[in-house]
Amino acid sequence: MKPLIAGNWKMNGSLAANEALVKAMLDGLGGQTPAADMALCVPALYLAQLQSLLTGSPIAWGAQDVSSHEQGAYTGEVSASMLKDFACRYVIVGHSERRQYHGETDLQVADKAKVALAHGITPIVCVGETLAEREAGQTEAVVKRQLAAIIHAVAHCTSEIVVAYEPVWAIGTGKTASPEQAQQVHAVLRAQIAAATQHPERVHILYGGSMNAANAASLLAQPDIDGGLIGGASLKAADFLQIVASAH
Ligand code: PEP
């Protein structure tokens, strides 16, 4: 399975900045097939722009959230069929910033993953413990609970999801989990997926949390780390491409 390196731009960008960034990435690839599958998850307003810049390139695009509802009176929400209109391949669900600032529950995140799959969009499901949970020895229990909600909702489609282990204390903080710490949790997630699907080998388990050009290779060398979900470093073409190049 080829590794997957997905960028999460979060609430960053502008038409001009996006164009420059995407063009720098495409120029950097120089028409070569990248060492990893690549995707950029961008603010929904910019999906049309990314579709126009990336169609025919090796870089896929996706969104950062999706409504769990199909359509209707949900002001401000974006539906999976709308994302599909812009040929999104991926959508991030359950990012810790959405769990933290928007109160998203395991159940809501699971519903979002289910709706995405029903529309042929691969959900990148984020799980991860806070610092307090890690210090209380609850890391395994927390990520297993978060992933169990997803598996329960998507059932026989479990092999079609992407999982991202993102320790909350490592996101945007410059503190990365050590390769050993990350591998330990990835192995737990892998076992949980293996118990739920006949095709656990199809599921990418990404690491996310201050992954950058300098630390990517050692993280990606771990047996159960199948790629990365990259925040800050996905806003710099050279850094993002360096991470992609470290994945093989
Ligand atoms: C993220 O937001 O998913 C993330 C991993 O951010 P950063 O790489 O900036 O820690």
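Colleague: What joins the side chains of Ser67 and Glu77?

Modeller: Keep in mind that this is a predicted model. The side chains of Ser67 and Glu77 are joined by a polar contact of 3.1 Å. The cut-off for such a pair of N or O atoms is 3.5 Å, and the value of 3.1 Å for Ser67 and Glu77 is within that cut-off, so the pair counts as a polar contact.

Colleague: Where is Ser67 found, and why is Ser67 called buried?

Modeller: Ser67 sits in the loop between β3 and α3. Its relative accessible area is 3%. Buried means under 20%, so Ser67 is buried.

Colleague: What makes Asp65 and Lys112 a salt bridge?

Modeller: Their closest N and O atoms are 2.8 Å apart. The limit is 4 Å between a side-chain nitrogen of Lys or Arg and a carboxyl oxygen of Asp or Glu, so Asp65 and Lys112 qualify.

Colleague: Are the two partners, Asp65 and Lys112, buried or exposed?

Modeller: Asp65 has a relative accessible area of 18%, and Lys112 has 6%. Both values are under 20%, so Asp65 and Lys112 count as buried.

Colleague: How do you know that Arg145 and Asp106 form a salt bridge?

Modeller: Their side chains meet at 2.7 Å, N to O, and the limit is 4 Å. This pair also links distant parts of the chain, with Arg145 in helix α7 (residues 139–154) and Asp106 in helix α5, 39 residues apart.

Colleague: Why is Arg145 called partly exposed?

Modeller: Arg145 has 43% relative accessibility. Partly exposed covers the range between buried, under 20%, and exposed, over 50%, so Arg145 is given that label. Asp106, at 16%, counts as buried.

Colleague: What makes Arg134 and Glu129 a salt bridge, and which labels do Arg134 and Glu129 get?

Modeller: The side chains of Arg134 and Glu129 meet at 2.8 Å, N to O, and the limit is 4 Å. Arg134 is at 22% relative accessibility and counts as partly exposed. Glu129 is at 0% and counts as buried.

Colleague: How many disulfides does a search of the whole structure find?

Modeller: The search finds zero. For Cys88, the closest cysteine sulfur is that of Cys41, at 8.0 Å. A disulfide needs two cysteine sulfur atoms within 2.5 Å, so the sulfur of Cys41 is too far from that of Cys88 for a bond. Cys126 is in no disulfide either; for Cys126 the nearest cysteine sulfur is again that of Cys41, 9.1 Å away.

Colleague: Why are Cys88 and Cys126 called buried?

Modeller: Cys88 has 1% relative accessibility, and Cys126 has 1% as well. The cut-off is under 20%, so both Cys88 and Cys126 count as buried. Cys88 is found in the loop between α3 and β4 (90–93).

Colleague: Which residues come nearest to the ligand?

Modeller: Of the 14 residues around the ligand, Lys10, Glu166, Gly172, Ser210 and Gly231 come nearest. By class, the shell has four nonpolar, eight polar and two charged residues.

Colleague: Which atom of Gly172 lies 2.7 Å from an oxygen atom of the ligand?

Modeller: A backbone N or O atom of Gly172 does. His95 places a polar side-chain atom 2.8 Å from a ligand oxygen, and an N or O atom in the side chain of Asn8 is 3.2 Å from an oxygen atom of the ligand. The ligand taken alone exposes 290 Å², of which the protein buries 95%.

Colleague: Where is Leu241, and what makes Leu241 buried?

Modeller: Leu241 is in helix α10 (residues 237–246). Its relative accessible area is 16%, which is under 20%, so Leu241 is buried. Leu241 and Ala213 are 28 residues apart in sequence and 8.3 Å apart in space, C-alpha to C-alpha.

Methods. Residues numbered from 1 in each chain as written. Predicted model: local features only at pLDDT ≥ 70, side-chain atom pairs only at ≥ 80, totals over all residues. Heavy atoms only, no water. Buried < 20%, exposed > 50% of the residue type's maximum accessible area, 1.4 Å probe, protein only. Near = heavy atom within 4 Å. Polar contact = N/O pair within 3.5 Å; in protein donor to acceptor, adjacent residues only side chain to side chain. Areas by Shrake-Rupley, 256 points an atom, 1.4 Å probe, with all protein chains shown as cover. Nonpolar A, V, L, I, M, F, W, Y, C, P; charged D, E, K, R; others polar. Helix = DSSP H or I, 4+ residues; strand = E, 2+ residues; numbered from the N terminus.
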